[in-house]
Amino acid sequence: MTENEDFKNQEQKSKPQDQLTLEDIVFLINKIGLEYIEAKREYDKHDLLKTSHRARIMEKHDNGQRSESKIRRLAEMDDEYLDILSQLNKTKYNYERLKVRYESYKNLFEARRSMLSYQKAEMKLL
């Protein structure tokens, strides 16, 4: 199952958005926010280690006769380094996806809260 299918299944299992209470939304914001933070941490870790991985791979290609730029090009074409970049891309996708979900539920919460305030004000006028 792909990440998108997994995401859709999670959304379908939860209540429809028009039936969520403010408490439900707060719970979802907290849950998704924690997942988002963890995914961001994972991305940051991969991003910080990217140059270390490249340096290690450059050592593998350094035979003492190649120029620094040639070694760098070889390292950046190395399958191991490309796998690292691919993993970095996946972690960034995951944290960005969670960020969108987190922001969406925050916006839903604010909209629901505003709607309830409007309804209370409307009731006072009657």
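Predicted model: local features only at pLDDT ≥ 70, side-chain atom pairs only at ≥ 80, totals over all residues.

Residues are numbered from 1 along each chain as its sequence is written, and side-chain values use heavy atoms, with hydrogens and water left out.

**Exercise 1. Work out how many helices and strands the chain has, and what share of its residues is buried.**

Step 1: go by DSSP runs, numbered from the N terminus, where a helix is H or I over at least four residues and a strand is E over at least two. That gives 4 helices and 0 strands, in the order α-α-α-α from the N terminus on.

Step 2: now burial, which means under 20% relative accessible area, with exposed over 50% and partly exposed in between (1.4 Å probe, protein chains only). Of the 126 residues, 24% make the buried list.

**Exercise 2. Check the span of H2 and find where the helix kinks.**

Step 1: the expected span is 1.5 Å times one less than the number of residues. With its 40 residues, H2 is expected to span 58 Å, and the first-to-last C-alpha distance comes out close to that, at 57 Å.

Step 2: look for a bend, taken as the angle between axes fitted to the seven residues ending at a position and the seven starting there. H2 has a kink of about 35°, centred on Lys 50.

**Exercise 3. Describe how H2 packs against H4 and against H3.**

Step 1: axes are lines fitted to C-alpha atoms, for helices over the stretch in contact, with angles from 0 to 180 degrees between N-to-C directions. For H2 and H4, the axes come within 8 Å and cross at roughly 160°. That makes the two helices roughly antiparallel, given the cut-offs: under 35 degrees is roughly parallel, over 145 roughly antiparallel, 65 to 115 roughly perpendicular and the rest oblique.

Step 2: H3 (residues 68-77) packs on H2 at about 115°, the axes being 8 Å apart. So H2 is roughly perpendicular to H3.

Step 3: for handedness, a crossing is left-handed if the near helix is turned anticlockwise from the far one by less than a right angle, and right-handed if clockwise. H2 passes H4 in a left-handed crossing but H3 in a right-handed one.

**Exercise 4. Explain why Tyr 36 and Tyr 102 count as stacked, then trace the aromatic cluster they belong to.**

Step 1: rings of Phe, Tyr and Trp (its six-membered ring) pair if their centres lie within 6.5 Å; planes under 30 degrees apart are stacked, over 60 edge-to-face and the rest tilted. In one of them, Tyr 36 and Tyr 102 have ring centres 6.1 Å apart and planes at 10°, so they are stacked.

Step 2: Tyr 36 sits in H2 (residues 22-61) and Tyr 102 in H4 (residues 79-125), so the pair ties together parts 66 residues apart in sequence. Tyr 36 is buried at 18% relative accessible area, whereas Tyr 102, at 21%, is partly exposed.

Step 3: Together, Tyr 36, Tyr 43, Tyr 95 and Tyr 102 form one aromatic cluster.
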